[in-house]
Amino acid sequence: MTVKGASVGDTSGLARVLVTDLDGTLLEGDASDRRRLRDVLKQDPDITLVFATGRGLASVQQLLRDDPLVPPARWIIADVGASVIDAVRTVHLEALEARLRAGWPGAHRVRAALKRFPQLVYQEDVSQESRCSFYLDPEGLSDDLTAAVKELGCAWSYASGRYFDVLPAGASKGRALHLLGHRLGWDRQAMLVAGDSLNDLSLFCLGTHAVVVANAEPALAARAPASARIHLSGFDGAAAVLEGMQRLGWLPRWSVVIGYHRPPVRWLDGAWQTPSSPNGILPTLRSALTDKRMDAVWAAAHTGEAAPPAILETVTDGLPLSLLPLRPEQWQGYFHRVCKETLWPALMSQPHLIQDRSAHWADYEQVNAEFARHISSLAAQNGTVWLHDYNLWLVPAALRAQRPDLTLGLFHHTPFPRPEVFRRIPAAAQLLDSLRHLHWAGFHTSDCADNFRRLLADTRGPVPRTGVHPLGIDRTAVADLARERAQPHPRHDRGQLVLSVERLDYAKAPVHKIRALDDLLSQTPRLRGQVRFRLVCPPPEDGIHAYDSTRRELETAIARINSQWASRQWQPVDYIPHNLNFPEVVDHYLAADVFWVTSLADGMNLTAQEYITTHHATNRPGVLILSRHTGIAQHLGTAALLTDPLHPHDLVDTLRTALNMSTAERLAHITHLAGLLDTPPPAEWAHTIITAIRSANSPHTP
């Protein structure tokens, strides 16, 4: 992890002090920003937090009890600067308060003297010490009133067009901070103050670094001193405080930020759990990023009920993971509706299934904007950002605007459609404008890279560099597990097992397989009772409706074929509609005589590689039937039995061919396929891509 100071000054070598107002500042803004600020402060003991508030101590204590997003302060400047409290011991610093409260006539005398101003409404429900707080409309703030306060030997503060405070002559938030800082030896260059109202103005006159939040009353920005140290933020509340900390280099920064919409852990049954498989993008990135030499962090979304900490290294074997909390309804609009119902059909080259989810497009835009801001807060100066997949297509434009110093790459694990299909997406122009801000785009196959280049060929400005980097599996881990779990291969007189392992998705063509098997049994009676098809097909997460019709159609087709052909001892289809752990999946691989992949479109397909590896490691015969539309088909070529799910007769004929192959042919088939699996280990693959992204922004790269 790196911490780099911005041009406004490097304070990393000094004791850092954050001084912030509460209402309108620390308590304001999106819950995700408030949570991140709380967690950053919790994890960095070198940042001293000071509340500077108009609230009294009792009110602050109640707030800390009631609001879990409020970080605990080390010191509290309360009562608009009339009180200073050691928050750990809950004791007043009486010596400082004596100086601040000098000459205070007492609340009774103040209220009596100001009773002749009916526009003042005393705040009876507010706990106050050495001050008097009133509600006052702007038109009631008169010269007579302020003169009366001066005659009492007091000072006054008016904020937010509502709050009128009568204070001891020497009391203000700024003076309280000055006295406290002098006592504790704080360097003003290592202090950051943040506020939103005029009663914070005195904080901005101390010569420290400061940030005025975007939701501040206009008078604060107008009356704050003109100084390069004072930043007028474009963000509200906590987000502005984070921005101020970021500008000073107080936030943890990494040279590489991975942006993927899902984290490598999930909250389930009251605990963080990790995938059991060593393969796929989640384990691949996890294995790569646990290498401390990479100096990387993973930014992902979190939609569970548990409030996650900012960095979850304790549950990720040391992998820095920074979660962006999203509201469940926001996730549904973003992922369930737009990603799965608008964008996914285009990626799968099924444009007739594209649904215009205009009502939810704002969710997609907002989530991408929040991801961009979150990634920006994590990335070191001149850092590298590696985005993943279509879920973050709008991040490049937002990031380039916020952080032009960053180098941006995006890898597509899905297929990338032909330009004419991409342009069927309702927001294609907006997406295209964002993608052209990439420096590099990666793909599993040259066909997908070519589709991307052709799509961007007519756009203004430079076209991102492209790379073809097929993702492989951890063959050593899979082979070791296969040998560990291998049992004697079943005899062929028990019949043959055909296996598919895939999530429920129309793009995997599960119904096509059932129909092909039905046709095969109808055309070839001798196979009845001799072939079983096992479909391991877990459903998508709850709330995704894009595959509902596929599920209904699949279940109907399975019921029909089993009813048509089943006997007392046998039924043609064994349907497993739930998730299995990876060792169980390996057991199914080992038992299968034929592995059947029929995707209409597929980025790579790792299950085919896993099947080959398990059989080769245990010297088992086997057959791989592989859709021509998978990425892995371009690498294995005709070594697999290629099939086209768009042609039903081809599915039937290829399955029949596989079932008719001899044991010797199957052993040779698996051996040939295993020899073609030459993709690098996942961690090496990730390092190669990061190097490619970095090189794409180098002027020396040809």
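Strand β23, residues 531-536, runs parallel to β24, and four bridges join the two. Within this pair, Phe 533 sits opposite Val 573 of β24. Keep in mind that we're looking at a predicted model here.

Zooming out, β23 and β24 belong to an open sheet of six strands with parallel pairing, ordered β24-β23-β22-β25-β26-β27. At the edges you'll find β24 (573-576) and β27 (641-643), each with pairing on one side only. Going from one strand to the next, the twist averages 20°.

Helix α23, for its part, lies across β22, β23, β25, β26 and β27. Here are their directions:

| Helix | Residues | Angle to a strand |
|---|---|---|
| α23 | 648-660 | about 165° to β27 |

Over to another part of the chain: which residues of helix α3 are buried? In this helix, which covers residues 57-66, they are Leu 57, Val 60 and Leu 63. Looking down the axis of α3, these buried residues fall within an arc of 120°, so they line one face of the helix. Arg 65 and Asp 66, on the other side of α3, are exposed.

And what do the buried residues of α3 pack against? Their partners are α1 (22-26) plus the strands β2 (47-52), β3 (75-78), β4 (83-86) and β5 (91-92).

Methods
Residues numbered from 1 in each chain as written. Predicted model: local features only at pLDDT ≥ 70, side-chain atom pairs only at ≥ 80, totals over all residues. Heavy atoms only, no water. Pairing = 2+ DSSP bridges. Axes fitted to C-alpha atoms, helices over the stretch in contact; angles between N-to-C directions. Contact = heavy atoms within 4.5 Å. Buried < 20%, exposed > 50% of the residue type's maximum accessible area, 1.4 Å probe, protein only. Arc of directions from axis to C-beta.
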